[in-house]
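Reader: I am new to this structure. Please take me through one part of it closely, step by step.

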Amino acid sequence: MKTNKSHHPETTQTKPALSSSLASPAQSPSVETIGFGQLSGGEKVTLYRLKSGNGSWVDVIDYGCRIVRICVPDRRGEIDDVVPGYGCIEDFESGQERFFGCAIGRYANRITGGRFMLDGRAVQLSRNEQFGDYRGHLHGGEKGFDRVMWQGEILQETERVGVRFSRMSPDGEEGYPGNLDATVTYWWSRDNVLKIEYAATTDKPTIVNLSNHTFFNLKGSQGGYVMDHIMQVEADSYLPNTSHFVPAGPTKPVEGTPFDLRNPRRVDHAIDTPNEHFQTMRGFSVTWVLRNQDGKLARAADLWEPRGGRGVETWTTEPGLLTYTGRALSEKIVGKEGRPLEKFGGMLLETLHYPDSPNHPEYPSSILYPGQSYYSTTEFRFYAK
């Protein structure tokens, strides 16, 4: 088991160029707030630009706690955005791809039929995903944490800056029991580390499994095929899935499968290998069982792009790492600056408790009781080599 709010005026500061370099002298980390339009219901959306002082920055918004941009240098010092996806609020609210960059909750990924037992009582969640006659629960339901406004609070320290988003998810929202007070905090540091802290408390027994659904492409804003990135994962086993994309049961060893990334390899190193999980998931989509299972912050994976030299290490307190390499992305989805996306143009590095854990007592528990505190941390440590 995992244990353990304010308005800011718009600024008119000029937006940094996406392909700038690190030539300017270092400054103190800072936060800029920028108006980001408004939702169809009239709510004004704010973008928070977290600036390292060394030329890199991260953009997040209060609608869905979304990461919009992560702008970091390559080996030549050229800064570019490594987050494929939308760049305007209209697309985030009603675009074809709902989950770009958002916080996922109350439960990341899937729950079979949206149903589980909690302390001997059946709980039925909303069912917002359908495969034929089957309907299941995905990423928090019809109106998950990605579809709501959060309250932002700027955080300022000497070596890093951040924004803490908070909201109260009411008892019964999407079928979840209990009033859940949740916070998602983004920190951006001088050394290009994006730290995400998730916290929650409840007044009734419930389940919690928070994550973030940002796609990465370390080639930068021009994008391109992402499975030629080099990846290494700290996992000896993975979760095979059913045709409904939920775990089929016991874990399987990665040895002899396309998911054996214990040593650095291209993500697509075995893409043509006959594999039942590949066929079920219609491409590269997998949850790894990380070696670290004690809830302490530990290295989960390394992803590196050879052409420009950008890389990112993922560290987490979570037991699982899910990646999906964007088979459903296409040129029909128009991203930032009017650039169409492409199939296999981005991949997730989603840290989480395992999908469908409430229906698998053998998995790490995602139950949260009154008096307990949920806390989870993930760090994306960017580098260039």
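Author: Start with Arg 110. The model is predicted. In it, Arg 110 has 14% relative accessibility. The cut-off for buried is under 20%, so Arg 110 counts as buried.

Where does Arg 110 sit? Its place is in strand 7.

Now the surroundings of Arg 110. Set aside its neighbours within four places in sequence. Arg 110 is then in contact with Glu 129, His 137, Leu 138, His 244, Phe 245, Val 246, Pro 355 and Asp 356. Take Glu 129 from that list. The side chains of Arg 110 and Glu 129 are joined by a polar contact of 2.7 Å.

Next, the rest of the sheet. Strand 11 spans residues 134-138. Strand 10 and strand 11 pair in the antiparallel sense, over 3 bridges. Phe 131 stands opposite Tyr 134 of strand 11.

Step back to Asn 109. This residue lies in the loop between strand 6, which covers 103-104, and strand 7. Is Asn 109 buried or exposed? Its relative accessibility is 5%, so Asn 109 counts as buried. Again, leave out neighbours within four places in sequence. The contacts of Asn 109 are then Ile 104, His 137, Leu 138, His 139, Phe 245, Leu 322, Leu 352 and Pro 355. Some names turn up for Arg 110 as well: His 137, Leu 138, Phe 245 and Pro 355 are in contact with Asn 109 and with Arg 110.

What does the record say about these two? An unreviewed UniProt entry carries the annotation "binding site", which covers Asn 109 and Arg 110. From this set, the lining of the largest pocket takes in Asn 109 and Arg 110.

One more pairing follows along the chain. Strand 12, residues 151-156, pairs with strand 13, residues 160-169. The sense is antiparallel, over 6 bridges. A hairpin of 3 residues joins strand 12 to strand 13. Leu 155 stands opposite Gly 162 in strand 13.

To recap, Arg 110 is a buried residue of strand 7, with a side-chain polar contact to Glu 129.

Technical notes:
Residues are numbered from 1 along each chain as its sequence is written. This is a predicted model: local features need pLDDT of at least 70, side-chain atom pairs count only at pLDDT 80 or more; totals for chains, interfaces and linings use all residues. Side-chain values use heavy atoms; hydrogens and water are left out. Two strands pair if DSSP finds at least two bridges between them. Helices (H or I, at least four residues) and strands (E, at least two) are DSSP runs, numbered from the N terminus. UniProt positions are given in the numbering used here, feature names are shortened, and annotations may be inferred rather than shown by experiment. On a 1 Å grid over the protein atoms alone, a cavity is a set of points where a 1.4 Å probe fits but cannot get out, and a pocket is an open set with protein on both sides within 12 Å along at least five of seven lines; lining residues have an atom within 4 Å of a point. Buried means under 20% relative accessible area, exposed over 50%, partly exposed in between (1.4 Å probe, protein chains only). Contact means heavy atoms within 4.5 Å. A polar contact is a pair of N or O atoms within 3.5 Å; within protein, one must be able to donate a hydrogen and the other to accept it, and residues adjacent in sequence count only if both atoms are side-chain atoms.
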